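Hi everyone, and thanks for coming.

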Amino acid sequence: MNWWGLNDRKQTENKSFNNVVFRYKKIMEYTTENLEKAVTVFYRTEASQQAEAHQWLTEAQNSPQAWSFVWDLLYPQRSSEVQFFAATTLHTKILKYWNEVPIDHYEILKKRILESIISFAMGPKIVLNRLCIALSAYIIHTVPIYWPKAFEELVSSFQPHHLPNVEPERVVWILLEILTVIPEEFQSTTLATSQRNRVRAVLQEVSKDILKVVEMCLMPIPGGDFEMCNLTTYLNTARCASAWIQLGGVEIDNCSRIMDLLTDLTCFVYWNRNDPEEMASEEMEVAEVTLEALTAVVHHPNTHKYRNYIMKHTANMLGKFIKILEMERNSSEPNNDIMASIYLLLAGVADTHSKVFIENIRHRNSEGCKVAEDLFTCLLKCSDLPGSYPVDETSSSITFGFWYTLQDDILSWQDTAECAELLLIVKPYYRELVCIMIRKAMYESSEENSSWTLDDKETFRCYRQDVADTYMYCYNVLNLEMLDILSTKLDEALQKCAVNRDHWNMVESCLHAFGAVAECIELENLFLPKLMITLKNIPYADLHYKVLSSALEAVGAYSEWLADHPDMLENVVPLVISGISDTEVSPSATMALKDLTHNCQKYLHQYAEHILMASQSILQSGQLRLPERTRLMYSIGKILSILPIDSIMQYLQVILSPSFEEIQSLLTSQPDPSISTMLITRLKVISALFVSLHVQDKPVTGVQQPLLVIGQNTMGLYSIISTKYCNNTEVIDVLCSLLKHIITTLMDDSTPLINDVLHLVVNVYREAPQSSVLGLSKTVMIMFGRDNEYSNLMQQLLKEIVSTTLQMCSQLTSNTQLSEKSDVLDAFFTMLAQLYKKVPHLIQNSGIDSGALFQCAVMCLGMSESQAVKACCSYLSNFISQSRETEQAAVVQNYGEALVLRILISLGGNGPRAHAELLSEVLLVLNKKYCDNLTRWLHTLLQQDGFPSPRVNMQQKEHFIKMVLREKAHKKKLMESVTEFTLLCRGIVKADVL
């Protein structure tokens, strides 16, 4: 094949090319004319034709002929669209099909790429950019072995005096473009581990030299300053600097001068912008990229070693950037983008190197202390930006991470006395931060908030969650002092509300803050009792519903504290009961009630009747959504569990009878989607009750658990559902979940139901194998598998499930058919793996056909679904590891070769690359338990020519066998060897790099 089109070649006879060709996907030759027409169709026709053209063009890109036709398509007379397709194809081929390039053609390919770059030096720019990327990809594949002086030659070649016909600015642009994308190509190119390490070492070694080039491009004219006319060069230079700094090859001591230049360039562009009112897009882009490059230096993993450099550059950046921030803060229309970029940099410095600044604030009146204090104050101002987030400003969220890191580093200080001293120093910042966040977390008034988009509202909801987390960090520093602040602020807000109801949002924000710190508080008897009384007396009817909602959330948050202070329940339980019937706050009310009934269950006797009556009323009204109804039923179960058995049964009769009657009525109708939905809803609601309904005190002899009575009385109904809806996955999922809740709630008390449950399980699984049935079966077998009374029953269940599954698999003759049942097979092998771990004797004594099961697992390794393959590997690993102890060694010895064959086929390219890690686990356990067999199987199978891939020769296969057999304990090392082998088999990496 004429790989690079160096010689004249005879064109194939051109054929008529039109849209019909694509419509019928007629096979066509990849001639220049056909490709040109295909590109035209892609860019200039309707969507359906574009899709067909795209598919054909992608196939052309993937074909070996692409190495030849790209050069014809890059001729100057072609359209820019065709040239761009050619350049993109060239990059794709180098990136993904490097294995197709013979070594003796490397130099020819390099020459052609360089010639093309020079040819397109003056444009079109999109084609030139893509060619530069192609050259970068070429460099990644050829350094350091085949092009050892790539960077030296590259910098030397792209000098203005070597290319007199190209504008000097464009020559610099090309060089910077190539250099910029090299680190990006390194990250995106798939390489063998050994080659990746070699290339990374080369790139890190040349990083200093590359940054010298960057420094030269950034350097102002001696005695002068930056020039706005060079913005494009500055932009490309800053991008290049950012890319190479992020690669990690240079540390802060080697790029200190560049940091100063980048800082000065940012300020120069800002203060010398063409329009005083706003920054142009290119100006803004320069500023953002320079700040991104500075941030990359700050985040370098070794920067913390250079404390003096950190302090020096922090002082420099603060001194210069604070002026920009103040200017924007005082502007009527601030530039949120430039503020966000600067604050991201400064917060990154403070967050990453907080320990450096903590050390400095210990030494009062020092220069370092002044820098640290200025930085903390600057970030506090960021938190306190005017307006509402995210509509008026977008930067106040940036500092959340820093406020966490600062307190965490201080509290982890080893010296207790120094820790206390540091806390005293930073307390003023956290006190002010609490007050700031109360303001920033306030909702806008309804009228103003109505103009917010749904995205704005969701972003603000997430922001309030971040604020809530930060309140906890503040509490770690301030402790009870924070409760004092919140209590005072709440009192002030209520006083303002008494005068003007529009201040409801401040009340709500204070309650939100109280709720946020609940989990931090253990013993507190001053501020929280006052809060509970305050919650009782707030005039909710006169305020926005969000106030009541946050009050209810606070009640739920303090449910554990209330369990230690049951006398306070009288202040909040009536509030929760009233909230249940209010649809605007019912989500918060039902969550609060769930928390109260969970944590304060034994103290709710006196409120039981009121709670149950209110719950019954709201359930009958049908006003609650499904989540609220399920939470409410959970709470009902908790309340009922503390009542006498007779009372429980009476309440259950009233509460559950309507639901069971509705289910019975639904079962008289022919199944359809609407009936199924209603059935699922009612089963979910009932199931929520079954989770919590359990009388802790053992009922007297002869009196059964109420849940057991319900289960026995309704099991016939569940059997009808399972029969009628056995093919409806959603219904069976909910039904199995309900039965699982009954069994796990009752535990040993559920034994009278076991026979009926297993009968239902077997009937459903025989008719339609489903993952939820297997989940229920797994629970039952693990719970009762060790019980001698039920061991025979469990063994029969397991044998039936295995038999049904094997029968199902025997009817699935292809991987596609297996994939259609991947969820069932995933659940099946997951169940078996768990049984091997928890009740291995159950499998050993069940009489199942281990050989057939092993072969089934081997067959399922051919599926493309990773989760199912993971379950198969888990089962196989457990089986193999226990096989010698359980007298199943013969199974492994008989079918182990088939297993290894399946693994090799998958590694050879028939399975997803991601499966290499999963299959490594099986190889590891085989090597531990059956090393001799594995050695023989690998040698026997890999002796075949062209197996598992024609891309690997015997030398690489022998190397693979050696690496596999070497590892008996280190899964990670084995995984690396297996991954490299599968990449080699797929042609993604070349044989000569291994």
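Let me begin with a term: buried means under 20% relative accessible area, exposed means over 50%, and partly exposed is in between, using a 1.4 Å probe and protein chains only. Please keep in mind that this is a predicted model, where local features need pLDDT of at least 70, side-chain atom pairs count only at pLDDT 80 or more, and totals for chains, interfaces and linings use all residues. Residues are numbered from 1 along each chain as its sequence is written, and side-chain values use heavy atoms, with hydrogens and water left out.

Let's start with the cysteines. Cys419 counts as buried because its relative accessibility is 10%.

Now to the rings. Rings of Phe, Tyr and Trp (its six-membered ring) pair if their centres lie within 6.5 Å; planes under 30 degrees apart are stacked, over 60 edge-to-face, and the rest tilted. Searching the whole structure gives 30 aromatic pairs. In one of them, Phe460 and Tyr463 have ring centres 6.2 Å apart and planes at 20 degrees, so they are stacked. These two sit three residues apart in helix α21 (residues 454-478), so about one helical turn separates them. Helices here are DSSP runs (H or I, at least four residues), numbered from the N terminus. Both Phe460 and Tyr463 are buried.

Compare Phe854 and Phe879: their centres are 5.6 Å apart and their planes at 55 degrees, so this pair is tilted. Phe854 belongs to helix α41 (residues 850-860) and Phe879 to helix α42 (residues 866-883), so the pair ties together parts 25 residues apart in sequence. Both of these are buried as well.

One last stop: is Ser136 buried or exposed? Ser136, in helix α7, is buried, at 0% relative accessible area. Leaving aside neighbours within four places in sequence, Ser136 is in contact (heavy atoms within 4.5 Å) with Ile178, Val181, Ile182 and Glu185.
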